Amino acid sequence: MPLSLVYRQFSLKRCCRYISVTLLIAWAFSLQASSTEETLYLGNSGEPGTLDPHRYNLRLEETLLNDLFMGLTTFSAQGQIVPGAATSWTVSEDGLTWTFNLRKDLRWSDGTPLTADDFVYSLRRLMNPQTAASLAYFMYMLDNAEAVNRGKLPETDLGVYSQGPHTLVMQLAAPYPFLPERLLYPTAFPVPQHIINKVGAAWTKPEHWVSNGAYTLAHWQPEAFIEMHSNPHFVDSVAIQRARYLPFANEQAAYNRYRNGELHAIASFPANELARVEKNNAASLRQSPLLSMMYLVFNTRRPPFDDVRVRTALASVVDQNLLADKVLRSGARAAKTFTPEMITAYQAPPMDHSHMPGDLIERAKRLLAEAGYDAKRPLRITLRHVSGNEEKRVNLAVAGMWRQLGVQTQLQHGTMNAHFADLRQGEFDVAWAGWIGESNAEHYLGLLASDVGDVNYGAYHSAEFDQLIQQARTHADVQSRNKLLQQAEAVALREAPVVPLYSLASRRLVNPRLGGWYDNPRDIHPLRYLHFATDQPRP
Amino acid sequence: MRLPPARYLLQRIIFAGVTVLVLVSVVFVLVRLTPGGPFDGERQLPEAVEKNLRAAYHLDEPILQQYLRYLSSLLTGDLGPSFRSKDFTVNELIAAGLPTSATLGLLAMTFALISGVTIGTFAGLHPDSWTDRLLMALNNLNLATPTLITAPLLVLLFAVMLSWLPAGGADGWLHFLLPAIALALPFSGAIARLCRGSVVDTLLADHLRTARAKGLGRTQLVMRHVLPLSLLPVLSYLGPASAALLTGSVVVEQIFAMPGIGRYFVEGALNNDYTLVMGVVVVYSAFIASLNLLVDLAYAWLDPRLVIAQ
Amino acid sequence: MLTSTRLFGSTGFALVSLALILMLCLVGPSLSSWQPEDIDWQSIQTGPSAQHWFGTDLIGRDLFVRTLEGARTSLFIALVATTVSVTIGVPWGAVAGFFGGRTDLIMMRIVDGLYGLPLILIVVLLVVLFGRNPYLLFTALGAFFWLDIARIVRGQTLALRQSLFIEAARSLGANTRQIIWRHILPNVAGVILIYATLTLPGVILAESFISFLGLGLQEPATSWGVLIADGIYSMESAPWQLLFPAGLLMLTLWSINTLGDRLRDRLNRR
């Protein structure tokens, strides 16, 4: 179906259009570049709460911020980590001092030069308690970061400083080899000090907007659209000059509007439709496994989930393959380990109770009986999950699997916010949870350490596990870190504080006319690499 | 016909104001009773950060002081900052969303009134005729179909399959057509049913027999004697209908992805965005109160006996 | 008058449908070999077949059994809520309308005030404060729906109060109670009936709306609203998931509305 965006907007003025068609054609021929002026319409998965990189919270905000800003490192068109504002960096022997060499041609979108001091200002602003940045902990590896964030040290004590306008130094508290990956997040983006000092919190308004990314904010109509225009001072040229992101909390609405030719690409469509899309819309379908882990967590504070026999019995009858291939059918991949299998640098240990399905049920029943639960005294569980069709399917199916053991499961669902708030406070028996994250094992296994705080929802505590994680954190090189993490994961799988379920897959619809689009496991598609297929490919 | 006296008018306006005040107070208390704070969604917050957040929104004050602060800023027309949308105040959000919601609501109400009164009067003038029965059977089918079924069906048919109209958004008047029809359908059904009933009743009334006996023509009879009286129940239905219309617009705005305040309301309520919910309630209740005021006045205008009785 | 031609018209059809639906609700689930919570792992989201008459839902549960299970819940909820609303609404409206003046003003301002609270917020708050207890929730819904009835009864009473026959009755020495009971209520009975029948579908629709927002009953319990919300999601890929629950709901509502109309006509003709 051809895109008919222009038709729709101007259909009232159809008569005028016919009259002016000749003029338009003449004009189009005189200005050959005009085809690149077409606005790109993209669906995003919801309305952003903020466009301040230090106060952001959501993945859908990252999508927008990646087009508006550029950090020290950035994404390639294929979603790989590549140098961004920094051209190169060096790490000291002990892994504690990172020195970044910045590009010399960096400018804000108002033309003001951007220097290392802007990065220093930005990281200090991130840690300043006044900013109330909820994701400040992303940069806690910086020396003194946590103390500054808690208001116990002045922000000048933060482990980041400049050496001249083009050199930035970061001092870490402990080795952290994944720093370049962490710098991809908006928390490490530079913000325009000269504007914030002038207009304060209003700097995120389109009329004051200044940023260093490929695009600048032109309009923001809440719940309707965010319009971006290309930034003339960006270090590269871009093919798409204007783009609009439309918020869709409802996948079906995005799917409908895409099929009606109102959008060039959407963030996702209802999983149910996958089979039909494969048949009717195959040219538009873009799928990719997503770096993520969806899992069930047992609240080990509450009996009987403090009993490893109960946890093992329940975990052993969950059939991940059935969930992913038969129940979900969304492209999600069954997970048998807590670390996503996409992380190639890390080899996860195998789960030990995944074989011999024949007497699996009997064995699980025996375990439950040992713990004191049988047909006469059935185990009753409340299983909590986030509202949503996919989540409902999975959890209903899990309840069905547990029903084979005579376990009675009541489901309870709530909004994302309410659900995770209760999880952090330990208000649950068993709950569905998820983590979309980085390409390193630590990012996931860290969730089970007892010093990580309330994101260890089930309050799992194992001295053996903790010790292995602590040990891993002292190593500067990834390989020796991973070896210890592998042992830690084996411990966690044996004690089953969580049940890994599946890794998500992104499923997008993208107009085939849109070039420069590469599927990748971070599902990141910066605007600056895209172009309409009729355009000349960029040099 | 004469206008209602000024005292009556003043009385009604004062009551409309008091209604809004009571509503705002009740919702204020109810919303604050809800467990869960507005910052629940955020991940681990160090104490210093959380304290700053609460202070910035005056959540650290006693509830009475918060209430007074809210009322006083309300008087100056300030609905405060939004919890969830950190870059917009509630005023800005409502200013952005209200035109969409108001256009949608007015359009739907107009559709509903025109089609409902037409169908109802037509059916009522020929009670028990073949057309009456067919119209009412279809009308009942319409009443039996929830908006959340008709709306997606309309999108599927007219946008996705036929590609005649946009499937969502609010970028031009064409975008409002499908949602307004989807929203209007159940109300058109309810109005048609009410209108038919009261037309039948009115036709049986004594004074009409007199009028008929005096030899008034049929058109004159309907326009001058039947319609004004039979529109009374329709009028008194407009108040509740507009409240229900707001509820319906939440579904429609969701399905058609329209940037209206109905969507703010649901998201705000589900995410404990106190100030946004309150702001929408203020707008809603001011709207409903003024609509009820208009209905009262129209009632008095159509049936002056009521005012004299008071 | 109930003539034979009418019996085969829409009224008759409505009566027969309602009776059939009620009977299905009572005996239907025992006709099928499936239990509402049984999962058929071999046929997840499959269309109607000899094994599953209405097909299966998103995780392979029998839709026939679940639709009837949902019907039971929804109808029960509707009956409870309607009873509550009539019990509160009729006396309230009649008293306000008859006495008029200050009494009326205060009583109706309370009604107006309650109208101004959007239904959704009340439901959201109730869900959060009381948890998801279906009976409590929908009794509360009924306590909201009485507003319609009170308003209508009041409006009619107000108009009737001025009419000649009431004045005649008053001049003959009838007291207030007698006038309300003997003259006003019988005359507004038709309207009460219409609004009571309008309340039944109203509650069922409200329930489906609440389920659409994801605030309805919690699985594995079900209702028409929950089933329809699931059905809308799978509307294109598994149309039977919407067709059967929505069809049954619409038939029920249509039948109730049609019967309500018919009753009203009969009352008028008396």
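Seven residues of domain 2 of chain A are in contact with nine residues of domain 3 of chain A, contact requiring that C-beta atoms placed from the backbone lie within 7 Å. On the domain 2 side, the residues divide into four nonpolar, one polar and two charged; Ala, Val, Leu, Ile, Met, Phe, Trp, Tyr, Cys and Pro count as nonpolar, Asp, Glu, Lys and Arg as charged, and the others, Gly among them, as polar. The C-alpha centres of these two domains of chain A lie 34 Å apart. The domain bounds, which come from an automatic or database domain assignment, are tabulated below.

| Domain of chain A | Residues |
|---|---|
| Domain 1 | 1-34 |
| Domain 2 | 77-186 |
| Domain 3 | 292-503 |

The model is predicted: local features need pLDDT of at least 70, side-chain atom pairs count only at pLDDT 80 or more, and totals for chains, interfaces and linings use all residues. Residues are numbered from 1 along each chain as its sequence is written, while chains are lettered from A and ligands numbered from 1 in the order in which they are written.

Chain A also has an open sheet of four strands, in the order β4-β5-β7-β6 with antiparallel pairing. Strands (E, at least two residues) and helices (H or I, at least four) are DSSP runs numbered from the N terminus, and two strands pair if DSSP finds at least two bridges between them. The edge strands are β4 (86-91) and β6 (160-162) of chain A, each pairing on one side only. From one strand to the next, the twist averages 20°. Three bridges join β6(A) to the antiparallel strand β7 (residues 167-171) of chain A, and A:Tyr161 has A:Val169 in β7(A) as its bridge partner. Helix α4 (residues 116-127) of chain A packs on the sheet, where this helix touches β5 (97-102), β6 and β7 of chain A. The direction of α4(A) makes about 160° with that of β6(A); angles run from 0 to 180 degrees between N-to-C directions, and axes are lines fitted to C-alpha atoms, for helices over the stretch in contact.

Between chains, 20 residues of chain A are in contact with 14 residues of chain C. The largest share of the chain A side, seven residues, comes from α13(A). By class, this side has seven nonpolar, seven polar and six charged residues.

In chain B, helix α7 (residues 174-204) and helix α9 (residues 218-255) pack at an angle of about 160°, with their axes 9 Å apart. α7(B) is therefore roughly antiparallel to α9(B), a term for angles over 145 degrees. The contact of α7(B) with α9(B) has 19 nonpolar, five polar and no charged residues.

Note on methods:
Two residues are in contact if their C-beta atoms, placed from the backbone, lie within 7 Å. Angles under 35 degrees count as roughly parallel, over 145 as roughly antiparallel, 65 to 115 as roughly perpendicular and the rest as oblique.
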